[in-house]
Amino acid sequence: MIRLNNLLLKIFFIVFVTAIGNSSYSDEGKIELIKNDWSFKGIFGTFDRTSLQRGYQVYQEVCSGCHSIQHLSYRNLSEKGGPEFTLDEAKAIAEQFEITDGPNDEGEMFTRSRRLSDKFASPFPNVQAATIANGGAYPPDMSVLVKARKGGADYIYSLLLGYEEPPAGYELDEGIYYNKYMPGQKIMMSKPLFEGSVEYSDGAQATEEQLAKDVTTFLVWAAEPHLEASHKMGFKVFLYLIILLTLVYLSKQKVWSRLDLKEDSNQKEETFDKVERAATEYEGEDPKTFR
Amino acid sequence: MSNEIKSKRRDFLFTATYTIGAVGVGAAIWPLVDQMNPDSSVKALSTTEVDVSSVEPGKTITVLWRGKPIFIRRRTKSEIDEAAAVNLKDLKDPEKDSDRAKNPEWLVMVGVCTHLGCVPLGDRGDYKAWFCPCHGSHYDISGRIRKGPAPTNLEIPKYEFVDSKTIKIG
Amino acid sequence: MSEDKYVPESKLAQWFDNRLPLLTLSHHLRGYPTPKNLNYWWTFGGILTFFLIVQIVTGIILAMHYVAHVDLAFNSIEHIMRNVNYGWLIRYVHANGSSMFFLAVYIHIFRGLYYGSHKSPREMIWITGLIIYLLMMATAFMGYTLPWGQMSFWAATVVSNLFGAIPLIGENITAWLWGGYSLDNPTLNRFYSLHYLFPFLIFALVILHIWALHVPGNNNPIGIDVKKNSKETMPFHPYMVMKDLLAMLVFILIFFGFVFYAPNFLGHPDNYIPANPLVTPEHIVPEWYLLPFYAILRAIPSKLGGVIFMFASIFILILLPWLDSSKVRSAAFRPLYKKFYWVLVAMVILLGYLGAKPPEGIYVILARVATTYYFIHFLIILPVLGRYEKTDPLPTSISDPVLDEPSIIDKFKKTAGEYEGEKVDTFK
């Protein structure tokens, strides 16, 4: 009975703690995010390469006008676990952009085209320039944006599709838009994705949902380039640990079986006999506790 | 079951557990060691492309590759002839010039003295090529050690001409 | 110590051991008489030692790549995650390892509270443990600042501002901590230095903690004294080594579940935003393991009061061995204490939950209730229970029949039924 109570309490404890972990940090009315069956979710999740390549195209043609993604390098585009462009494709992408390098032997700075080893070009030289060019709102760098928002991929996806007419009588200042999923519902980014915004190089249909899905997938990879490697390694580690755990468990049982447990049960019998004798031989009045 | 068989079974279990455990420990240690190996951003810089279109014959430029100086000399006809004419028996580290410069007009070498690592000075020394001031090593117009304490010729890195104007080193 | 002198086998080993008795120490540890009846709640000491080593090793490695400068810190961690070989793995192990470390320490502490491991003669184990816990909290707090994300910056700003509440010298102390007028580069650098240092202080204290333990020996679930080197104990190796290993592996399984499949679940998304001194996040929260203290801090209406109560919540624990005056150690034989124990557990979990909520409305009220209970539990309830609680009778030895077993109870009942005496009050 006590054991059951303990067990129930422990289960309750675990459930409670998990619930806390899942609870939102704010108390505003919770908006249900649009769910999607992402290929990278779940323990065996992987990235859809073509989606990543299309997502890169969306980033490049739509988002990169305002959003930097400064922790990505062009070589990442050809590395394993990502869009996996060929080395030449990635090199060609890099060469479209310039970078200031130097000083050279004459002491001057010069521009050259970017290489695989260079980082992605940013639309603005610094945060302040980006902010002032966008009406006082800084378009966040996208390198880890998916990890920086509660709801992750679902949130980004929902936000991209979440522009709608504000409810009747809702006050909106100039340059501010209504988005259902933005905390506070006011966002300074105008709707970025429309059907046909991008002409996909693989010929896929560029619906709003497709654009949002592809760019979100790209951003998830940008934030977690080693996700696939992590899942693969995790699986191997788990398999290994289960095997090792079984072996250690059996070893532990084997070791503990060396104990003379018979002696323990003999001792129990002995003690019981003593008490029994004392109980039957007792001729007194009020035996409170038998020791 | 006899005690002996029991004990054999018992030992097998423990041996198996130790072995599997050791495999796990080894696998766990590998990332801790490998993290000190060159990371991918360093490896990305392991090749450098150099534009040599502006290098005149008889001139040497120095570029940085993997943190080290690389001498790229566009040799004149007479320099090439001089390098080819050297008797291998006179060399401490015998090496044909044609083995060192596939395209004889261009000499590409790691500008680090093979003695103790100083950077030799150009257009200097008894062979009018390179001279290391630290301990007096003289290299010839093929970068081969002729005089002084350095044991071997200046190293030739892996390189190739990706086009007529560009050398990719590494 | 009452142990016989250990003599190693080979002459070389004897030469070595006579000069530096490591082999004697090893022999002592391997053969250490441990009570036979320890349950799995006793494996967490081993788990904690494992995680301390994991954190130190992964931490030292991260230190090879991390740059402690406000302009470079965030980027250096992205460099680790993207470029360093297995950098993502080492970083996630270190970040989640810290959570696991605290989960294990809370289980370890609450095990102690339940079984009376803090009581005489184990007060110094308890106190060294408290110092370790304090150092752990300081280490974790400083470590969390290092990525220089929004939460790093603002949680550190809030906590260091607390010292400003100290009358007269508060402002000076805060400026001294910061090395400036706000949290900035000097602060980051000194937090880095101390974050590297403290785990080694913890390590030293762990040695003292185990040394203090080895004087009286382990407590056990029944809480009665156990004679060392008797039928009631077993050598630590191989029995407890195997048991600890098994428990460690289960815990590691859970740990790796987080590392490989939900590495950011226990963290806060805002820390992936680079620190911005001009923009405060909507809800500043520390990591989950500091939430109960955060709740206590915010429950008290005054700034200084909150700081005092927050620190007091830990410092009264120092007095616990004397506040909990009951002569009976284990809650297994203290029916009333057991109930209050579980209320305490619920209150602490509640405080943790409330620490993540905005300090308004019902949350504040509940936090005040829970804080009040916390202090009443230690300052009033425990001393009163110690005096007046009617405890259950203790067995004479740990090999005694466990009175819970049905077959034993049936036998007793049978004997009781056949008893032709007069009043039998209790016949268990």
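Analyst: Contact means heavy atoms within 4.5 Å. Here 14 residues of chain B are in contact with twelve residues of chain A. The model is predicted: local features need pLDDT of at least 70, side-chain atom pairs count only at pLDDT 80 or more, and totals for chains, interfaces and linings use all residues. Residues are numbered from 1 along each chain as its sequence is written, and side-chain values use heavy atoms, with hydrogens and water left out.

User: How much area do chain B and chain A bury between them?

Analyst: Buried area is the accessible area (1.4 Å probe) that two parts lose on being put together, summed over both. For chain B and chain A the value is about 1100 Å², with 71% of it on carbon and sulfur atoms. On the chain B side, B:L13, B:F14 and B:I20 lose the most area to chain A, together 38% of what that side buries.

User: Which side chains meet in a salt bridge?

Analyst: A salt bridge is a side-chain nitrogen of Lys or Arg within 4 Å of a carboxyl oxygen of Asp or Glu. The count between chain B and chain A is one: B:E49 with A:K91, at 3.9 Å from N to O.

User: How is α5(C) covered?

Analyst: Helices (H or I, at least four residues) are DSSP runs, numbered from the N terminus. Buried means under 20% relative accessible area (1.4 Å probe, protein chains only). In α5(C), 27 of its 29 residues are buried. Just after α5(C), C:G116 takes a positive phi of about 75 degrees.

How values were computed. Chains are lettered from A and ligands numbered from 1 in the order in which they are written. Buried means under 20% relative accessible area, exposed over 50%, partly exposed in between (1.4 Å probe, protein chains only). Helices (H or I, at least four residues) and strands (E, at least two) are DSSP runs, numbered from the N terminus.
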